[in-house]
Amino acid sequence: MVSELLEKIPARLVLYFLSWSGFLVSFMMRNDMNFALVAMVGSNNTEIYNDNNSYLSSNISMGHNNNSINESSSMLLKNNQSHEKETEDLGYKGEFDWSTYVQSMIISVFYWWYVVSQVVGGVATQYFGTKNVFGWSQFATAASSLLIPLAADTNYVLVIILRSIQGFASGLTWPAMYAIVGVWIPPIERSRFMSSFQGFSIGIGLTYPICGFIIAHFGWRYVFYFTGGVGMIWCVIWYFLAFNSPAEHPRISEQEREYIDLNVSNDIKDGQGMKVPWKSIFTSLPAWSIGITTFGRIWVHYTFIIGGPNYMKNILHFSIQKNGFLSGAPFLCSYLSSVVFCYLADVLVTCNFMSLTNVRKVFTAMSQIIPGLLTLLIGYLGDNLILILTMWFIAVSFITASYAGAMASIVDIAPNLAGPVLAFCQTIHMSASFLQPIVAGLLIQDNTSLSQWQFSFGLASVIAIVTYLMFQIYGTSEIQKWNYPRESSLPSEESQEILQKPGIKTTNEEYED
């Protein structure tokens, strides 16, 4: 009964679900530490209060003659003790006294290893396939999550090591999933399939409220047991449902297999396992245009992800509850916008309203110019909260148009080498994920200074718009000649036909417009 039902579900739809849920789970395991660390470690303020308590207690016990000093000291001591009790009642009194440096290492070490592993992921996928690379990377991340509570009780160094493993493993996932798109998904459907990668937006939006609930009712340890457990369950599902190609799939219908065979050229299918031409990738202007352009998008994205909560707290003066909701809600909406953008892109290509290259450039412009301009305006809207939040939501939503633009071009220009090309591009553009917070920290010395925030937003706007120009000049959807095995360095007639007119090719060798 179950097998019959599975046979009726298109294998491409199952792959979409696996991709969507995989990135959702991956980003939950990535971001759980950001929230749990608040409950694990006593805040710096609490440490200061403790120091003050010791100092004040000693002064009071010494019986200074100055009554005003004694009275002030007594009042401050009572206030500090009251603050400690309030913090403890709220569940934020941490068990560990890790320094701010240790905490920053626990968070940042993930991203350093994440960038380092991009090229490794691209190479590994070429030899071992998406099923193994994506599956084992998720398994390693989930296992590390389950071990974090024990590591924290032992020594923070072990937590840093586990976070490094998670960062390295998570860096393998993107190149691995990109590599499978060219094999499974015909060009006419690629934009829509790319929206599955936006499962990470749902992961970001859900992580904080779920972690908050778990910490409040069960304690911080169960955050990692939950995310790690969900990751393990996902790995089991992946093992039984994921396959590297239609030829390996035991339950795919003959009709769907034939449809994919007709619409995915033999050049792509024969290119699996080919040697990666790194020199050609490193000297490819289309590949550089994707990496440089997307650097600007990531810069704006992280302006909202990391700087957003601080801006809402210190400039807009939202309570912590409203801050949490409004910081996460745009990312939930961004998944819906990505589905719309990717569907619209496919419609424009299918109906021949635009060439595939022009579609990619239009949606890339939408993902960077519009958010860039709105980011600049947000800093100059004063206290008009409705207008600010409206622009905030629109900016975050339009960022996802990139998955019908430059990010989709990765598969367009090199369907055989989508994993390695993504690894190359991500090594460039994900550097913005740690450079943006560093630069913002230098520009914003006072979180309550609107003028400093305006300068930071202005810089993000300039970077987003200027980097887009690279893709406008050198961006393309044409398959590059280095995409093919050396013995067939030029695309076949079949591949050229599919590329020039990427309509749906039926079993009768006809195209449907």
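Colleague: Why are helix α2 and helix α5 called roughly antiparallel?

Modeller: In this predicted model, helix α2 (residues 11-40) and helix α5 (residues 100-116) pack with their axes 10 Å apart and at an angle of about 170°. Angles over 145 degrees count as roughly antiparallel, and therefore α2 is described as roughly antiparallel to α5.

Colleague: What makes up the contact of α2 with α5?

Modeller: From α2 come Arg30, Asn31, Met33, Asn34 and Leu37, which meet Gln103, Ile106, Ile107, Phe110, Tyr111 and Tyr114 in α5. By residue class, the contact divides into seven nonpolar, three polar and one charged; Tyr counts as nonpolar in this division, and Arg counts as charged.

Colleague: Why is Lys8 called exposed?

Modeller: Lys8, whose place is in helix α1 (residues 2-8), has a relative accessible area of 72%. Exposed means over 50%, so Lys8 is classed as exposed.

Colleague: Which distance in space goes with the 245 residues between Lys8 and Ser253 in sequence?

Modeller: From C-alpha to C-alpha, Lys8 and Ser253 are 7.8 Å apart.

Colleague: What share of the contacts with a separation of 6 or more comes from residues 24 or more positions apart?

Modeller: In the protein, with its 23 helices and two strands, such residues account for 83% of those contacts.

Colleague: How many of the residues count as buried, as a percentage?

Modeller: Of the 513 residues, 55% count as buried, which rests on a relative accessible area under 20%. As for the surface, the protein exposes about 22,800 Å², and carbon and sulfur atoms supply 64% of that area.

Definitions and conventions
Residues are numbered from 1 along each chain as its sequence is written. This is a predicted model: local features need pLDDT of at least 70, side-chain atom pairs count only at pLDDT 80 or more; totals for chains, interfaces and linings use all residues. Side-chain values use heavy atoms; hydrogens and water are left out. Axes are lines fitted to C-alpha atoms, for helices over the stretch in contact, and angles run from 0 to 180 degrees between N-to-C directions. Helices (H or I, at least four residues) and strands (E, at least two) are DSSP runs, numbered from the N terminus. Angles under 35 degrees count as roughly parallel, over 145 as roughly antiparallel, 65 to 115 as roughly perpendicular and the rest as oblique. Contact means heavy atoms within 4.5 Å. Buried means under 20% relative accessible area, exposed over 50%, partly exposed in between (1.4 Å probe, protein chains only). Accessible areas come from the Shrake-Rupley method with a 1.4 Å probe; for residues, only the protein chains shown count as cover.
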